[in-house]
Amino acid sequence: MISFVKAHACGNDFLIIEEPLAQRRHAELARKLCARNTSVGADGIEFLDRRANGEFFLRLFNADGSEAELSGNGTRCVAAWLATSEGRQEVALGTHGGLRTCHVIESNDPLYLIESEMGVPRVMQRTIVLPGVGEVPGAMVNVGNPHFVLFVDSEDFSAHGLSWQELGAQISGSPLFPHGTNVEFVRVLSPSEIAFRIFERGCGPTTSSGTGTCASSAAAMALRGSERELTAIAEGGPQRTVWSSNDAVMRLTGPAEIICRGEVAAL
């Protein structure tokens with residue numbers, strides 16, 4: 001039996017498992033335990049490594065068993081769990097995408113409002129060409145993991161004659177991105193507000209994404225003249241981003257909630 005914690009951030013849900021329990025079966029456990037019809041169900045697993053020097057490190061595995069650099073929402077979920085279990089109001093979490101420091105702003109256990117330092121986004125305009133679709137203008141954005149951001153006008157977020165889910169799948173799995181990419185479809189609603197949809201690498205459509213929120217916001221700020229403080233609305237709800245300048249660290253504020261604790265058979 002493997003002990004787990006389940007948490008979500010705007011519906012983007014994760015299992016949190018102590019690293020020693022993985023026994024080098026990270027990918028296998030992710031595919032098994034994240035299955036929604038036959039196991040606990042989640043978008044991914046955050047494996048929490050408590051190192052001898054007192055530092056924390058996270059390894060994120062998506063529902064399909066692939067390993068990703070980091071998840072903004074998943075990191076926040078781990079911070080919420082450490083606030084619940086150990087009373088930590090601030091925690092630095094190492095990831096393969098860099099160190100992320102989380103600060104608890106409001107606490108009403110099991111629900112927390114957390115601000116995370118998300119690193120310095122890098123935004124580069126890029127037009128890609130997809131077979132059967134043609135040219136797709138957008139932006140490559142790196143916030144510790146890769147994103148491709150498209151700006152759309154349609155209320156259903158469709159573009160180039162395809163639904164956002166169909167186009168997102170094509171872009172995410174395109175040979176143009178050998179390691180895959182996350183894809184965001186962004187509508188600018190006002191200078192201070194955007195709405196977006198997410199096709200997440202290794203998972204598919206998700207209700208929210210912390211790094212997707214940051215990538216969408218950074219692209220809107222850098223390329224569409226949006227304000228440096230934005231409300232970014234995904235299907236799972238709004239989050240707040242602040243990016244004072246192109247060389248500054250972006251801050252992301254949003255909720256995280258502990259759902260349950262339990263044990264699951266992982267034969």
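**Briefing: pocket, cores and cysteines**

Strands β9 (122–130), β10 (134–142) and β11 (146–151) each contribute at least two residues to the lining of the largest pocket. The model is predicted.

**Largest pocket**
- The volume of the largest pocket is about 210 Å³.
- Its lining consists of 14 residues, and Met 140, Val 141, Asn 142, Pro 146 and His 147 are the ones nearest the centre.
- By residue class, the lining of the largest pocket comprises eight nonpolar, five polar and one charged.

**Nonpolar cores**
- The largest nonpolar core holds 25 residues, and the most contacts inside it belong to Leu 48, Val 78, Leu 82, Val 91, Leu 93 and Ile 114.
- Two or more residues of this core come from each of β1 (2–9), β2 (12–18), β4 (56–62), α2 (72–86), β6 (90–94), β7 (100–108), β8 (111–117) and β17 (251–264).
- Helix α2 gives the largest share of this core, with seven residues.
- Beyond its neighbours within four places in sequence, Val 78 contacts Ile 16, Glu 46, Leu 48, Leu 58 and Leu 93.
- Another core, of 22 residues, lies apart from the largest one and includes Val 141, Val 149, Ile 198 and Leu 252.

**Thr 75**
- Thr 75 is part of helix α2.
- With a relative accessible area of 2%, Thr 75 falls under the 20% limit and is therefore buried.
- Not counting residues up to four places away in sequence, Thr 75 touches Glu 46, Leu 58, Leu 93, Thr 95, Arg 100 and Cys 102.

**Arg 197**
- Strand β13 (residues 193–200) contains Arg 197.
- The relative accessible area of Arg 197 is 19%, so this residue also counts as buried, the limit being under 20%.
- Residues up to four places away in sequence aside, Arg 197 is in contact with Phe 157, Trp 164, Val 183, Glu 184, Phe 185, Ile 233, Ala 234 and Glu 235.

**Cysteines**
- Zero disulfides are found in a search of the whole structure.
- Cys 34 takes part in no disulfide, and the nearest cysteine sulfur, that of Cys 203, is 8.1 Å away.
- Seen from Cys 203, the closest cysteine sulfur is that of Cys 34; at 8.1 Å the separation is too far for a bond, because a disulfide requires sulfur atoms within 2.5 Å.
- Cys 34 is buried, with a relative accessible area of 4%, whereas Cys 203 is partly exposed at 28%.

Technical notes. Residues numbered from 1 in each chain as written. Predicted model: local features only at pLDDT ≥ 70, side-chain atom pairs only at ≥ 80, totals over all residues. Heavy atoms only, no water. 1 Å grid on protein atoms, 1.4 Å probe; cavity = no way out; pocket = protein on both sides within 12 Å on 5 of 7 lines; lining within 4 Å. Points joined across faces, edges and corners; volume = space filled by probe spheres on them. Helix = DSSP H or I, 4+ residues; strand = E, 2+ residues; numbered from the N terminus. Nonpolar A, V, L, I, M, F, W, Y, C, P; charged D, E, K, R; others polar. Buried < 20%, exposed > 50% of the residue type's maximum accessible area, 1.4 Å probe, protein only. Contact = heavy atoms within 4.5 Å. Core = buried A, V, L, I, M, F, W, Y, C linked by side-chain atoms within 4.5 Å.
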